[in-house]
Amino acid sequence: MPGLPAEADVLDFIQSSPSIVGKREIARHFGLSGAGKVALKALLKRMEEDGLLAKRQRKLIDRSSLPPVTVLEVIGTDKDGEAYAEPVEWDERQAGKPPRVVIEGTEKAPKKGDRVLAKIQASRDGRYKFRARVIKALSDRSNKVLGVYRVLPGLGARIIPVDKKARHELQVMKGDENEALNGELVEAEIMRDRGRGLPTARVRERLGDMSDQRNISLIAIHHHGIPNEFPERVLRESESLKPFSRDGRTDVRNIPLLTIDPRDARDHDDAVWGEIDEATSGANIIVAIADVAAYVRPGTALDREARIRGNSVYFPDRVVPMLPERISNDLCSLREKEERPALACFMSFDKQGRKTKHRFERVIMRSAAKLAYEEAQAAIDGRTNDKTEPLLERVLKPLWQAYGILLKGRNAREPLELDLPERKLILDAHGLIERVVNPERLDAHKLVEEFMIQANVAAAEELENRKTPLIFRIHEQPSEEKVRALAEFLRTVNLALPLGQVMRPKHFNKLLKDVEGQDYQHLVNEVVLRTQAQAIYSPENKGHFGLSLRRYAHFTSPIRRYADLIVHRALVTALGFGSDGLSTEDIAKLNDTAEMISDAERRAMAAERETIDRLVAAHLSKQTGAVFRGRIAGVVSAGLFVKLDESGADGFVPVTTLGREYFVYDKPRHALTGERSGETYQLGDRLEVRLVEATPVSGGMRFEVVSEGREGKPAGRRAVKTPSRPFRGNKGRRR
């Protein structure tokens with residue numbers, strides 16, 4: 001009679017089986033009957049108690065194994081170029097590190113960050129425990145299109161893509177409409193090209209009525225593949241979280257920490273306090289940050305989802321949060337008068353604003369008040385209200401005095417000081433634009449910003465000194481090529497930028513100071529901005545050029561940025577604050593995580609910008625023919641990009657509408673110049689334009705120039721010619 005199998009043999013059979021098995025299948029495989037089945041039952045019970053097996057729908061699974069069909073997230077490629085992935089749902093605390101799965105047999109290799117539904121089988125090659133064959137790409141959007149469904153009389157149904165670069169409309173055949181209604185935003189699947197006529201598409205999902213501007217942000221969400229619904233397991237985890245433990249925390253509830261945020265802020269993850277140090281004439285400050293690490297543990301579903309999202313995405317009408325509301329708006333939000341866990345940075349500065357020491361502690365705090373930026377500023381300016389009056393002498397004035405000390409250090413450091421206005425859309429109750437404003441930059445904004453910068457610096461210094469892995473926020477200095485291009489441009493406006501020196505922010509600041517009040521001030525600010533590198537996340541410290549800092553990390557917003565959560569965990573580990581610090585898997589994935597969250601940040605910025613463009617285009621679509629004042633925000637050979645003064649809306653002027661001559665594109669000057677007349681349109685120039693067309697679906701607007709260009713020398717044929725044809729009815733000045 002066959003003997004009872006060993007535990008290893010049972011696990012091997014379960015892992016290699018193409019389907020989930022139970023006791024009956026195991027007994028049959030090993031030829032057990034009678035007493036053998038009784039012994040097998042006892043063996044399986046012991047294995048379950050030891051955590052080697054678990055029951056799922058009355059079947060047995062290996063806790064270190066995977067279901068036959070699993071959702072995977074691609075995390076990279078190995079040295080052989082094969083894509084490998086990890087399961088999206090995995091309990092790291094119970095089962096250890098998630099297994100890596102090699103993806104086989106795909107015509108188009110999935111990219112890092114893609115999610116796929118895959119069939120899982122055991123692997124025998126030794127490098128990977130499992131291999132997977134993709135059943136369905138869940139996030140590959142190569143054959144997906146987002147557009148507006150239109151029914152055109154005599155032509156049938158069409159989908160108008162939202163992508164400005166789309167070359168064709170799509171035809172929807174009868175039976176493929178999925179009950180879509182005229183004017184609805186839909187996601188469609190592009191069908192096989194039939195070789196003639198328009199490409200065809202099948203409506204897969206109806207997303208909302210495009211006449212309702214509250215649905216406009218959905219375009220960017222779906223177009224960029226931004227995850228906007230939390231999986232059920234993530235929500236269950238968040239709802240099951242218990243209040244924080246007070247063990248080992250420093251009690252700072254008696255310190256009047258304040259949260260100072262925008263009026264419409266829904267979550268509050270930072271609080272500040274400051275005072276003058278009478279003994280040194282310097283300043284002592286505290287920056288307390290919501291202790292998200294106490295709730296979002298490595299290896300949990302919450303953690304995996306937050307890593308995929310990378311950051312919260314903010315639209316004028318909604319927020320797509322990195323963490324469920326149970327965490328972001330409740331457990332971790334530093335609500336007024338309520339006890340909350342925080343990770344606090346205590347810092348001291350000398351009278352010149354140089355940091356002399358810092359320390360971090362896990363604390364229990366209670367926000368003394370929740371203030372809006374405008375509210376705090378008004379109190380300092382002598383306009384208190386019922387809330388700020390009791391705080392003015394005791395809390396607000398000492399806070400501002402401490403900021404005055406920090407400001408000395410900032411001025412000595414000379415970070416890059418660009419003067420570029422920001423626009424904000426004010427929506428009404430129906431999600432329509434009420435007005436577009438350029439918010440005033442208050443001292444209250446600058447105070448909170450400088451306090452956060454100093455806490456971020458302290459976190460980076462602490463972790464680097466302790467040789468603890470972390471993710472830095474880096475901003476490299478501009479490339480030599482971009483600096484040379486800037487110098488070449490500056491010569492066209494009789495300005496000089498000495499080359500051959502190591503560029504520092506102070507060199508750019510001197511240039512910006514020299515052009516203050518000049519007609520080309522805005523132009524120079526724009527070109528200097530375009531010279532800068534883009535800030536990213538990296539495990540390797542390369543400094544932050546724009547802030548003029550040798551080391552910098554994001555520590556102050558763990559509710560909305562995954563990078564900050566990693567820094568919090570690193571501090572917990574480095575300072576022995578608990579068992580919820582960096583996991584070995586966190587450390588192993590630092591490079592991949594930095595790349596993923598940098599990509600997610602760029603994705604969020606593009607989605608936010610495109611949504612604003614669409615909302616403004618919808619707002620202006622009823623003003624076709626109206627004349628607006630604006631500024632040239634970009635110059636290419638095909639025409640001019642113009643930004644309107646009042647709304648900040650961006651639109652395009654085709655070069656073919658500029659006049660009855662050739663216009664030459666002068667790349668170094670960022671200008672288009674008439675070949676015969678010398679009429680010039682240069683980056684930063686002010687002008688008047690007429691709105692010809694506004695397309696809310698794509699966010700695109702087309703203008704024609706009404707005012708004259710600046711006088712200049714005829715371009716002749718010294719540069720690449722850009723043909724400009726007569727445009728009937730344009731501008732009313734060259735008919």
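Start by selecting strands β15 (residues 270–277) and β16 (residues 282–290) in this predicted model: the two strands pair in the antiparallel sense over 8 bridges. Pick G274 and you will find its bridge partner, I285, in β16. Now look at the hairpin turn, where 4 residues lie between the strands and S281 has a positive phi of about 65°. Show the surface as well: 6 of the 8 residues of β15 are buried.

Next, go to helix α9 (residues 373–380). Here too 6 of the 8 residues are buried, so the rest of the structure largely encloses this helix. Colour Y373, E375, A376, Q377, A378 and A379 to see the buried set. These residues pack against β14 (258–261), β21 (369–372), α10 (392–413) and α11 (443–465). After the helix comes G382, with a positive phi near 100°.

Now for the rings: there are 5 aromatic pairs in the structure. Select F360 and F555, whose planes stand at 80° with centres 5.5 Å apart, so this pair is edge-to-face. It joins distant parts of the chain, 195 residues apart: F360 belongs to strand β20, and F555 to the loop between β25 and α15. F360 is buried at 6% relative accessibility, and F555 is buried at 0%.

Move on to F641 and F652, a tilted pair at 4.9 Å centre to centre and 55° between the planes. F641 sits in strand β27 and F652 in strand β28. F641 is partly exposed at 39%, as is F652 at 22%.

Finish with two arginines. The charged end of R359 lies over the ring of F346, 4.1 Å from its centre, while that of R473 lies over the ring of Y537, 4.6 Å from its centre.

Technical notes. Residues are numbered from 1 along each chain as its sequence is written. This is a predicted model: local features need pLDDT of at least 70, side-chain atom pairs count only at pLDDT 80 or more; totals for chains, interfaces and linings use all residues. Side-chain values use heavy atoms; hydrogens and water are left out. Buried means under 20% relative accessible area, exposed over 50%, partly exposed in between (1.4 Å probe, protein chains only). Two strands pair if DSSP finds at least two bridges between them. Contact means heavy atoms within 4.5 Å. Rings of Phe, Tyr and Trp (its six-membered ring) pair if their centres lie within 6.5 Å; planes under 30 degrees apart count as stacked, over 60 as edge-to-face and the rest as tilted. A charge sits over a ring if NZ of Lys or CZ of Arg is within 6 Å of the ring centre and within 35 degrees of the ring normal.
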